[in-house]
Every structure is written in structure tokens, then in C-alpha cells.
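Here's a quick tour of a two-chain model. Have the viewer open as you read.

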Amino acid sequence: MDNPEELEIGFLIELAITGEADWKQYNEVMDRVENEPEIAELYQQALAEHQLLEAALPAAEQELAQEQVREAERLRQLAEKQRLEQKNDLDLGM
Amino acid sequence: MESAQEPKNPKDWISELEGPLTRFAISLGLSSHDAQDAVQDGLIALIRTLEKNPDSIRSPKAYAFTIVRNNANKRFRERTRRNEVEMPEHLPETPDEDDIYQEPVVKQSFQAAYANLSILERDLLNKYYVEKWTYEQIGSELGCSAQNAWKTIKKIISNTLTKEVRKTLTQADPELASELFPH
């Protein structure tokens, strides 16, 4: 999607999908979707991508947060292990 | 972005949105009867929320479109699963994105790509796809136009997420990769 016309219609399609388009933009997109197969294909791709991201992002964000918690716990356990090892070394007079 | 002033009374949204929402639902592949049902359910949900908790909706119009899109897809999928309807020829059938995301290879590659995004990039994607900010609102936070906000988000998706997911999928499951990324 490099040429200005594709950029323009790509942006309008995204606005139409989310309801952000004004009525003139919205009607332009729907007219072209109904009359131009290549625009219908762009519209369907944008719709599929939008829905995939809506479904995937919350799960990915949750997984990332859990991963960060696991990593923090791993570091805490590592620090605790090192502290105990140092304490043992001191107790043994090393 | 709006050319006219938004309705003040929640019920005025019905006359404002009914036509465009019905056309939108039909564009998703629904029959006109199913489209009307999906729109009616969407408008009822919008009005209930506007009356009970108006501050929870950032943009009533965007909210209604999202609800109708979800309703329409749900109805369409129910009917296609029962083999009652087929996708119109001019609208190529797209895979069910919820099912696709449940594919372990897609989920894992998406999560790996997502974890590699910067905090700013993740924040932008969440604002748009999860918190339902408009491009206008994201643009004004970034200090750019709505169209440039769209380009920024599009670039994050195509340069990182799509590229990484496509790369992993092409190696792990070429058939699914060509289904998801036909071009």
C-alpha cells in the first residue's frame, strides 16, 4: 500500500470499520466496496486484520504481564539463593 | 472528524446511526433481515450504556459500529456453521480470526512479536484496538493528524507484528501462512 490513492482508501476503510468516518467518507467507502472487487478485498483484509488484533492484543498483553511477573519472581529467587550462599560462606568462615 | 453535531439525547442516535449501521452489517455478508437484527441489538446496547454509564463510551458512533460488527459476525458465523448461508462472491471469505488466534503457532509467534515491541508501540496498539481511542484522539496525543496516527499504527503492525508472525508461520505451517497472508 504505497501509492497515495491506496493510502487514502486504506485510511478511509479503517475509519469506516470503526465508525470514525463521517457520513461522506463512510458512503464513499461502502459505494466502492460494493462496486469495486479490489476495494472489497482491501476492506475484507482490513476487517480481518482489525478483528484479529482486537482478539489477540488483550491476550498478548496479559501473557506479557504474566511473563514479567514470572521473570521478577525468578530474579527474586536468584537473589535469595545468592544471599543464602553468601551467608553460608560467611558461616563457614570462607 | 464529525461533520454534524452529535445527538444529545441517547435515543436520537437511532435515527442518526440506523441506516449506516445496516449498510455496514450488510457489507459484512449478512442478509438484510439479519443485518437489521444485528443493528437493533447494537443500538439497544448503545442506548442502555449511554443512559446508565455515558462516561464509559469515548465515541458513541465508534462504539455502535464495534457492537454491530461483533453482533453481525456472531450471527453470520452461527449461520455459516449451520450451512444456512454462504459468503457473497464479491466479499472473499476470511478465516475466523478467533479460531486463527487459537492456533498455538499463531498465538506464540504473535506473542513473541508483541513482546519485542517498545512500550510506546504497545501502548499505541492498546489505545486503538483495546481501549477504542479514535485516530483523531491518538493523533492529538502524538501531535499529528489522524491519518499520520493511522500510518504510525499501520507501520507498527506491518513492520513488526505481521512480518514476524508471517516469518514464523511460513516456517511452521506454510498452508496456514498462505491462508492468512494471501499477498
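What follows covers each chain and then the contact between them.

This is a predicted model, where local features need pLDDT of at least 70, side-chain atom pairs count only at pLDDT 80 or more, and totals for chains, interfaces and linings use all residues. Residues are numbered from 1 along each chain as its sequence is written, while chains are lettered from A and ligands numbered from 1 in the order in which they are written.

Let's take the chains side by side. Helices (H or I, at least four residues) and strands (E, at least two) are DSSP runs, numbered from the N terminus. A residue is buried if 20 or more other C-beta atoms, placed from the backbone, lie within 10 Å of its own.

| Chain | Elements | Buried |
|---|---|---|
| A | three helices, zero strands | 27% of 94 residues |
| B | nine helices, zero strands | 30% of 183 residues |

So much for the tallies; on to contacts. Two residues are in contact if their C-beta atoms, placed from the backbone, lie within 7 Å. Inside chain B, take the contacts between residues at least 6 apart in sequence: 61% of them join residues at least 24 apart.

Across the two chains, the contact draws on 28 residues of chain A and 32 residues of chain B. H3(A) gives the most, with 17 residues. By class, that side of chain A has 16 nonpolar (Ala, Val, Leu, Ile, Met, Phe, Trp, Tyr, Cys and Pro), eight charged (Asp, Glu, Lys and Arg) and four polar residues (the others, Gly among them).

Technical notes. A residue is buried if 20 or more other C-beta atoms lie within 10 Å of its own, exposed if 12 or fewer, and partly exposed in between; C-beta atoms are placed from the backbone.
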